[in-house]
Each structure stands twice: as C-alpha cells, then as structure tokens.
Amino acid sequence: MPSSTSPDQGDDLETCILRFSDLDLKYTSLINPSSSLKAELDGITKKKYSFAKKKAFALFVKTKEVPTKRSFECKEKLWKCCQQLFTDQTSIHRHVATQHADEIYHQTASILKQLAVTSSASKSLSSADEKNPLKECLPHSHEVSAWLPDISYFNPDELISGQGNEEGEVLLYYCYRDLENPQWICAWQTALCQHLHLTGKIRIATEGINGTVGGSKLATRLYVEVMLSFPLFKDDLCKDDFKTSKGGAHCFPELRVGVFEEIVPMGISPKKISYKKPGIHLSPSEFHKEVEKFLSQANQEQSDTILLDCRNFYESKIGRFQGCLAPDIRKFSYFPSYVDKNLELFREKRVLMYCTGGIRCERGSAYLKAKGVCKAVFQLKGGIHKYLEEFPDGFYKGKLFVFDERYALSYNSDVVSECSYCGAQWDQYKLCSTLQCRQLVLTCPACQGQGFTACCVTCQDKGSRKASGPMQDSFKEECECTARRLRIPRELSRHMQRPVSPEPGPDAAADGPVLA
C-alpha cells in the first residue's frame, strides 16, 4: 500500500520539491495514464517516478485527515473523504487508490514537472554553490506561480471555510536565514497567501522571514507543507517551528506582506547585532525547571538569576511568568535603550529571557550578550506559545497577548490584570472609542455601561467633542496617557518589577506588521 516517503531518500531526491503549478497536459483522458506518462519521461526523471507518485498519494491522504481535539496527545487519526469516515490507514488508502486515481495522476505529473525544473536549476547552480555555500539555490528567473501548490482538486469551500468561524487556524512562525533577494520572497509570499485565501502579516528582510497568517485548516496545512519544502527554508524550518491556535482569516483585516530591514523591529541594524549570536536556547521543559528553581529561592531579590520578559508593557500586563522583570516599555525598539539604562541590573546575572514566540529573544539576547556583563543569557525556545502547549497550568499566569484582532489567547483561568477605571479583575482589551486613537484599553462591562470606553479621561472628552462636531482628517494626536509615560524606565532596585502603570495606552500598530 502506498505510504509517505521522505525526500531524503535517493541520490538526489532532495531536489524533488513540492512545487505545484498549472499543467497543460497533452492527454486529458487516458486508459492507463500512469504508464503513458512514464513512457514520455526522460531517464533521470523516470527513476524518480515512484517517489513522486508516493508523495502525491501521501499528500492527498494527508489533506483528508480530520482534526481532533488534543491531537498532539493522541496518535489515533481519522480521515474523511467522499462523505465517508475512515478509522484506519488501510481503508483510506484503498479508497483513494480506487476512487481518486485521476487526482493522484495529476498530482504526480505536477510533481514530476517541477522536479525536472528543479533538477536542471540545481545542476546549473552547483558550481556557484560550492564557491559560496550561503548562495541561494532559488532560480529567481522562474515565475512565482511555479512555487504555488496545486489546489485544483480541492473543494473551494475547504480553503475558505476558516473565514468568519471557529473552523480556521492561525499560524505564527519565523525563520532567521540569510536571503539575497527578499523582494522575490515578498512577491512569492503575497501570491502564496492569496492563492490559499490567507490573511495576516509577514515581514521579510535579508535576515529572514517572520509571519502570522490565518485561514482554513486546509489552507494553513498547505502553507506549512510549501514552506517546509521550499529550498531556502527546508533546512532551517521544521513543523514544530509553526505555532498554531484557533482562529482563521477573520483574525486579520487584510494581508500585508513587506520587505523591511529587520524581521522584528528592534531598531538596530542586523549588521551590528546579528541573529547568529543569540543566547542559549532552552526547551519548554528546561525553562520550566529553571523557573521552578528560581521561584523556590527564599530571597529572589538576591538571586543570581533574572527572569526577563522581552515584550511590551501591555502584553505583560494581561499575562506573565511569576516573579518576572517586565519592563514598562511600549515598543520592542525601546528594549536596547532599556538594557543600556539598566545595565548594572544585569551584571553577573544569569538571565532567562522569554517572549511570545521566541523571535524577539533571538536578537534581544544577542544584544544583551554583546554588553558582556551577564554570567549567561538563556532564552525560551518557541516562546510562551510552546511553553503553554506543554504547561498550560505552569508558571505563566494570565492570557497570552497576540497581534491580531483576537488580542489574547487563553490557556488557563488566571486573571492578572484589572479594569483601568474601577480596579475589578479584567483582562479583555478593546480599542479606545476615540476615533484614530488606536490605544488599547481594559475596561470592564460595568464601566463600559457607564460610558468609560476610552483609554483616559482626556481622550474620552476629545472623542465626545469629535462625535458632536465636524470630522477633521488631521485628528491624529499622541494620547495623553502615552505622552506622560516614561519612554525608557530605570529600575529602582534589583527587585523584580511588575508593570505598574495603571493607565492603558498601547498603540495597536506601534510595533509594525508582526511580532512573535
């Protein structure tokens, strides 16, 4: 029975990348399409025909998997195809082989066509790659469409079912890797996301790619498959690098893909602080043990360890690790200045850093290490996202802030923040009701009912005046609660500080298209 085969098998099967494009097949109706197709193949490609067919078969079967709750804890799989539910691999394989031979044929032909192109390009670039091992293997002259998955045999509803309901998914990922042509990657990513009906935000730079996209589970699954097989990323990305959460295309107002100097805006050129010199990565379980040891100490203030939150104040306000130092900063681009201003705080300390998905810690830890004052710098691999998957009731309390229209993800029942007006426990952000303010505010239902829907009294008054008067396009002012916030705070002691500012006021778009 056909099964999934790794592209590592064979002499040069690593060139067999899943790049599907539209095909102009000579024969649309063949008595035995597979044998006819094989007869037309050249000698080199013919050797790989078996692999291509197995890969096409495995991919088709994979798209029929039925997502199950807590699937990461359960090895049992289910498949649904042609209104039938299959509980074992043998039966779904038999069904696909007998009922979907035509689809498998077209998929095989598509893989083989692209395989031939890739093999040719690989040979032409081999000599250059030997001279420069970091040189990209991507043939830039190829059309972007050549690197898009074939979705012709999917029901269109399967690709867009994640829009506006609970059936979809949001992906969060990043990959640090030198890219010579980020503009081409930008064009490809734009076409790929549009092809799969994905929305979201993607930052691309010469140092890599950072993205969060939402859509149906089929669309996100295909997106991951393409990313994992793409030549530039296949050696640097693995499936575990993609963090998933419930959501869909509706979590983002649009698709935004752009080229920037940094894939996460720290405000320092990657040429000065490189991702290649980060802190020591700790798995969630290793990080959990370190935090446990830190919290067990009788006097944490005198400890040689600092648990450092690298996120912005409005993120740590609704969720954080116990005993952490959470800087009261509004943007990650302020983090280097925060380190400089509080450098003595980190002298001879072991620093345990964490952020949402791990990306800010990559260069944040590199910056802290470059100062040469710490005993050691560690970072949570996969960020809070991966930690909460493994320890939902661990040492992280409260919600996880995310940069989309959900604002936060909940893994436990703890509420660590409060309403900005009455002080009642509350952790659900809303945008300030004043037009164009773009600040986030924590205001409970009772206070909302009394009309307290802005981030501060001054902003509330401005909103009332604007509502009763003519609109002005120039109304775009820095909010008072943001203006009076100290840009770079100085910690008064080595005691672990909490976010103490009672007023809200994070700019929902202050940190660029995406942070992880």
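Strand β3 (residues 168-176) and strand β5 (residues 208-216) run antiparallel and are joined by nine bridges. Two strands count as paired when DSSP finds at least two bridges between them. Helices (H or I, at least four residues) and strands (E, at least two) are DSSP runs, numbered from the N terminus. Within this pairing, Leu172 has Thr212 of β5 as its bridge partner.

The model is a predicted one, in which local features need pLDDT of at least 70 and side-chain atom pairs count only at pLDDT 80 or more, while totals for chains, interfaces and linings use all residues. Residues are numbered from 1 along each chain as its sequence is written, and side-chain values use heavy atoms, with hydrogens and water left out.

β3 and β5 belong to an open sheet of five strands, ordered β6-β3-β5-β4-β7, with mixed pairing. Which strands stand at the edges? They are β6 (243-247) and β7 (255-259); each has a single partner strand, so one side of each is left without a neighbour in the sheet. On average, neighbouring strands of the sheet are turned by 10° against each other, direction ignored. Here axes are lines fitted to C-alpha atoms, for helices over the stretch in contact, and angles run from 0 to 180 degrees between N-to-C directions. Helix α13 (residues 383-390) packs on this sheet and touches β3 and β6, and its direction makes about 80° with that of β6. Contact means heavy atoms within 4.5 Å.

Another packing involves two helices. The axes of α3 (residues 49-63) and α4 (residues 89-99) come within 11 Å and cross at roughly 115°. From α3, Phe57, Phe60 and Val61 make the contact, and from α4, Ile92, His93, Val96 and Ala97. These residues divide into six nonpolar, one polar and no charged. Ala, Val, Leu, Ile, Met, Phe, Trp, Tyr, Cys and Pro count as nonpolar, Asp, Glu, Lys and Arg as charged, and the others, Gly among them, as polar.

Ser283 lies in the loop between β8 (280-282) and α9 (284-295). Its relative accessibility is 23%, so Ser283 counts as partly exposed. Buried means under 20% relative accessible area, exposed over 50%, and partly exposed in between (1.4 Å probe, protein chains only). Ser283 and Lys386 are 103 residues apart in sequence, but their C-alpha atoms are 8.8 Å apart in space.

For the whole protein chain, there are 16 helices and 17 strands. Of its 516 residues, 53% count as buried. Among contacts with a separation of 6 or more, 73% are between residues 24 or more positions apart.
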